[in-house]
Amino acid sequence: LSPGRVAAPPPMAAAATGTGGQTLGRSSFSRAASSKTASSSSSPTASGVKLGPNGAAFVSSGIPDLDRILDGGFLLGSVVMVMEDSDAPHHLLLLRAFMAQGVVHKQPLLFAAPMKEPRSFLGALPAPVASSKEDARQRAMGGGAAGDGRASDEGLRIAWQYRKYFGDERNSNAEHRDNKQEFSHDFDLRKPLERHLLNAQHIECLSTQDVDTLHDLQNRSSAFLSKHQRKEGGNLSAGRIAIQSLCAPQCGYFGKDWDMVSFLRSLKAMVRSSNAVAIITFPYTVLSDSFCKRWQHLADTLLSIKAIPDEDKDLAKLLTGYQDMVGFLHVHKVAQTNSQVPTQVNMT
Amino acid sequence: VCCLRHATPAPRDRFASVDTHAHSPLRSMRLRTYVTYFLQLEAEMEEYGAGDLLSEAMCAGARVVVVEDCVEAPAAFVLHLLLKRALAAGGGGGGGAALLALAQPFSHYDRVLRKMGCNLSMHRKSERLHFFDLQGFPGGTQGGAIADSLAQLYSAVQRVVETCRAGENAGRFTVMIDDVSLLEVAANGSADDVLDFLHYCVTLTSEMNCSLVVLIHEDIYSSEDGVGLLAHLRYIADLVIKAAPLSTGLATDVHGQLSVVNKGMLIEQRPAKGQKVWSFHFKVKENGADFFYPGSRH
């Protein structure tokens, strides 16, 4: 994990549509339209949901690299659990990317955290990286699309297409600027998400600090998920639930181990039958070993975060780019739909 | 495998050969006997799943089977295999299963077993499979009511078993619980109530020609002090199947290792196989699982 890192481009966007040829109709390079089935299964629907094999549907985690590691993204209907590092707040990076991705795709969000004012956390959501670049390119390309056949424009287009063949994603993204909704975005953690996007969104916030029981959270989750029930062939509108530090000591219900694991079990069952993803981070060191294992077994996707110490000479020798790294993300298990085969992607 | 070649026959071996040197009538009679014997053996092997390592390790008379797993090596695939065998079992009538599912909804088992060649929806319709969707169990109020809910659940299971037994001259019925650790969560931590429930289920096995298969997550209990649910289950089990990851780490060909401990000694007709502990590797596939000795692939 390193902040502000430019990620490799998502592979789907480039193959997504065949409309590129029509956007610049005067071009002598016409691209073969991708087959119907390929585009329908690989291109994201407007709501940021990608379909996969076995009836699976994915939403992006907000981190394109993580989506690729997890073979698609976060599975709708699954529970993702993240074991926090007790010394460092890196799990917040995952949460911020997850929530920001949901906001960008206009997916309803339920956020619960052990803070007095969870809504204030929304100010920390990052803005997508591509947006500023895309605006600039749109302005530059405005002349070409308008239909004036200037020679310089023609030349610009041809050279630009060559660059596309060499795999420069930025240009091909601008070419598909009709297809604004990419499946996953790269987020710039230094830049906050625009206010108007947050206000237009359906975001519920809930505080778990000093709250005696989990009943409220359970009821709110239930109400939220009932709006996203899974229907066969229905409209794929996804919902996102983000719960930060579920078993943190500040929570009023801390210590009620059986209540917490019971809540997790019922949440898992509710999420299972819905078009939503729940991500739950938890400081596992405050749980007993036995309950920590129970939580791990309940997770469909299990990740854990380990902070990298600064000034570690051995690690500096071992890892390139050590200065930029803040931690390790370990993937323990990955959610599977309707399959008994474990995903052999256990990697750090 | 029956090889016909010029050698001394040894009927007890899996791989045997029959002397076909001279085609006298006496010899051909002997040949027919051997062929019949092997066909019978093959039929028996078919019944127990074509003789793979797991079915060899599992003695036929096991009434209480405990399957243990951990986060790194989940053993739900063992349950799927046993469920498939339970529904396929019984040559002619009978056989049947009740699945108490706390971990997954019906659609999951249906899809998984379908890839393994077993149609759960059809079995459910024809009442060979009784599916109890316990994802929301016990529902409603908690507290003292859990014992009642478990008692009700047991009555329902008992009724199902009795109905199946009363039907045709029934084959072995299987009650499967996926999984007991979640049952403990549903009981809000009351292991005593869960144990009572399990003991009642065990009585079914002795009275009604029924077997009990339960899945439990061993790593949850390994850090606990005192005698917990796991220790009790291991005690009452006839057969313990434990899945664990490889000590050497991950591999693409091997998903983990399975150890099978035969605690029960009595097997109906045949004498006990002698080997009490089996240990081998497994790889889970969409349509089943491969079992093989370490270092070999079948």
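Select B:D179 to begin, and the viewer will take you to the loop between β6 (173-178) and α7 of chain B, where helices (H or I, at least four residues) and strands (E, at least two) are DSSP runs numbered from the N terminus. A cis peptide bond joins B:D178 and B:D179, with omega at about -10 degrees. This is a predicted model, in which local features need pLDDT of at least 70 and side-chain atom pairs count only at pLDDT 80 or more, while totals for chains, interfaces and linings use all residues. Residues are numbered from 1 along each chain as its sequence is written, chains are lettered from A and ligands numbered from 1 in the order in which they are written, and side-chain values use heavy atoms, with hydrogens and water left out.

Most residues other than glycine have a negative phi, and most peptide bonds are trans.

Now select helix α3 (residues 76-88) and helix α4 (residues 106-115) of chain B, which pack at an angle of about 75 degrees with their axes 11 Å apart, the axes being lines fitted to C-alpha atoms over the stretch in contact and the angles running from 0 to 180 degrees between N-to-C directions. That makes α3(B) roughly perpendicular to α4(B), a term that covers angles of 65 to 115 degrees. To see the contact (heavy atoms within 4.5 Å), show B:H80, B:L83 and B:K84 of α3(B) together with B:H108, B:Y109, B:V112 and B:L113 of α4(B).

Then display both chains, whose contact takes 43 residues from chain B and 25 residues from chain A. Chain B and chain A bury about 2,700 Å² between them, 52% of it on carbon and sulfur atoms, where buried area is the accessible area (1.4 Å probe) that two parts lose on being put together, summed over both. On the side of chain B, select B:V71, B:V185 and B:I220, which lose the most area to chain A, together 22% of what that side buries.

Between the chains there are three salt bridges, each a side-chain nitrogen of Lys or Arg within 4 Å of a carboxyl oxygen of Asp or Glu. One of them can be found by selecting B:E184 and A:R294, whose closest N and O atoms are 2.8 Å apart.

Finish at A:S245, in the loop between β9 (239-243) and α11 (257-272) of chain A, where phi is near 50 degrees, a positive value in a residue other than glycine.

Technical notes. Parallel < 35°, antiparallel > 145°, perpendicular 65-115°, else oblique.
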